Amino acid sequence: MTPLEALRRSFGGRASIPFSEYMELALYDPAVGFYARGGRAGRGADFLTSPEVGPLFGAVIARALDEWWIAAGRPDPFVVVEVGAGPGTLARSIRFAAPECSGSLLHVLVERSAFQRSLHGSHLPGWMGERAGFELEAFVSSPQDGGGPQFVSAAELPAVFTGVVLANELLDNLPFDILRVRADGAIEELRVVWAADAVSLDSVAEPASPALAAAVGELLARTPELPRDAWFPWQGGATGWLDEVFTRLTRGHVLVFDYGGSTAELARRSDLGWLRTFRDQQRGVHPLDAPGAQDITCDVAIDQLRAGRPAGEVLTQAEFLRRHGIDDLVAEGLAIWNERAHLGDLAAIRGRSAMREAEALLDPEGLGAFIVLHWEHRLGG
Ligand SMILES: C[S@@+](CC[C@H](N)C(=O)[O-])C[C@H]1O[C@@H](n2cnc3c(N)ncnc32)[C@H](O)[C@@H]1O
């Protein structure tokens, strides 16, 4: 079946579908979705992310994990659930950094794409295979007694756990809708319309469901400056995912990295300037033009994620990485380079690479400007 055929079938006789439903199919359909067909992060793949810049990002995360592990009284197991783990590069860098918590570490790589889960075992010593259901529950409660780190892959979050949730560039990939509020207060949606064997984006003024009208009403109350008649992303997938995380995580930290801005800032951009596509390290074509053949992503409306859970802190990636010691790691790398440059061995090359990686990770025009949301969470507390 071609992606267009799959898409036509998913309309099921309806004249239009929400953009989120289109995105779900174009990215995650098991037969035709971009991530099911091999799309992924990485050099030589479709787009570059912080973990893929090199091992430095994971080394800083490893320091943050140690800090939280020590503050929690050195729990064993120490469960880290990384969601949207992609090919597993961040897990590999954390392992390589050998943090103090390693002996107790149970790292769960939650990844929707079966293809990417199949890549995890090949480069993660201590990988225990895939787990689901009761077996996953048993895994996240198994003490390591110093024998960690252990890694396991899963298609979904564990049902209940205590520990840390990490997600780098996940939220921008979770299906969103496209809404605007008219001057008279009516809510309009940009939906995907099927006509003459092709799809297009069309604004549809449908009476919003009471739940959506109430949620948008809350957004307007919080954001009176939201421009009228201007399209913005409605982060149903991302807020639903966070709700899920906060239900399943009994106690611990939630740390997400992504690009984004406020809903009002995004709405001010013309031509849906917050909506982008990528493939083969380049910007792709119109989001409707190649379903399944390119990534679809948006700048994340951060205020929508914080609504109802505002206690979390918001930093830039550069601030977070500095707070957790990136400068020390670069200085260590520089010292090794100065000592060993004449040998030109792997340690020397890694030392020099840390400086280059830091430049990219801290770039105020690029990765350094990403937003980091951090919550310390206790269920019911
Ligand atoms: C942009 S990639 C980021 C990969 C990796 N975190 C990185 O920074 O290189 C987003 C990944 O999230 C995965 N994903 C999307 N929704 C997911 C979900 N609900 N649970 C687990 N993984 C998901 C996608 O399959 C994709 O591999």
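This is a predicted model: local features need pLDDT of at least 70, side-chain atom pairs count only at pLDDT 80 or more; totals for chains, interfaces and linings use all residues.
Residues are numbered from 1 along each chain as its sequence is written, and side-chain values use heavy atoms, with hydrogens and water left out.

The protein contains 14 helices and 18 strands; these are DSSP runs numbered from the N terminus, with helices being H or I runs of at least four residues and strands being E runs of at least two. Its C-alpha trace spans about 65 × 45 × 40 Å along the principal axes. Of the 381 residues, 54% count as buried, where buried denotes under 20% relative accessible area, exposed over 50%, and partly exposed in between, with a 1.4 Å probe and protein chains only. Among contacts with a separation of 6 or more, 74% involve residues 24 or more positions apart, a contact being defined by heavy atoms within 4.5 Å.

The domain assignment gives domain 1 (3-33 + 173-310), domain 2 (50-169) and domain 3 (326-362); such bounds come from an automatic or database domain assignment. The centres of domain 2 and domain 3, taken over C-alpha atoms, are separated by 26 Å. The contact between these two domains takes 10 residues from domain 2 and 11 residues from domain 3. Leucine 346 lies in helix 14 (residues 346-362) and counts as exposed because its relative accessibility is 55%.

The largest pocket holds about 970 Å³ of space. On a 1 Å grid over the protein atoms alone, a pocket is an open set of points with protein on both sides within 12 Å along at least five of seven lines, and lining residues have an atom within 4 Å of a point. Grid points are joined across faces, edges and corners, and the volume is the space filled by probe spheres set on the points; the probe is 1.4 Å. The lining comprises 45 residues, of which Gly84, Asn168, Glu169, Leu170 and Asn173 lie nearest the centre of the pocket. By class, 22 lining residues are nonpolar, 11 polar and 12 charged. Here Ala, Val, Leu, Ile, Met, Phe, Trp, Tyr, Cys and Pro count as nonpolar, Asp, Glu, Lys and Arg as charged, and the others, Gly among them, as polar. Domain 1 and domain 2 each contribute at least three residues to the lining. At least two lining residues come from each of helix 2 (19-28), helix 3 (50-53), strand 2 (78-83), helix 5 (89-97), helix 9 (236-248) and strand 13 (275-279). Helix 9 provides the largest share, five residues.

Helix 5 also has buried residues, namely Thr89, Leu90, Ala91, Ser93 and Ile94. Their cover includes helix 3, helix 4 (56-71), strand 2, strand 3 (105-110), strand 5 (150-154) and strand 6 (161-168). Just after helix 5, alanine 98 adopts a positive phi of about 45 degrees.

Most residues other than glycine have a negative phi, and most peptide bonds are trans. In the loop between helix 10 (263-268) and strand 13, leucine 272 has a positive phi near 50 degrees; leucine 272 counts as buried because its relative accessibility is 17%. Glutamine 281, in the loop between strand 13 and strand 14 (282-283), has a positive phi near 65 degrees and is partly exposed at 37% relative accessibility. A cis peptide bond with omega of about 5 degrees joins aspartate 76 and proline 77, and proline 77 falls in the loop between helix 4 and strand 2. Another cis peptide bond, with omega of about 0 degrees, joins glycine 148 and proline 149; proline 149 occupies the loop between helix 7 (133-139) and strand 5.

Glycine 292 is located in the loop between strand 14 and strand 15 (295-298) and is buried, with a relative accessible area of 5%. Beyond its neighbours within four places in sequence, glycine 292 contacts Ala26, Val32, Gly33, Phe34 and Arg37.
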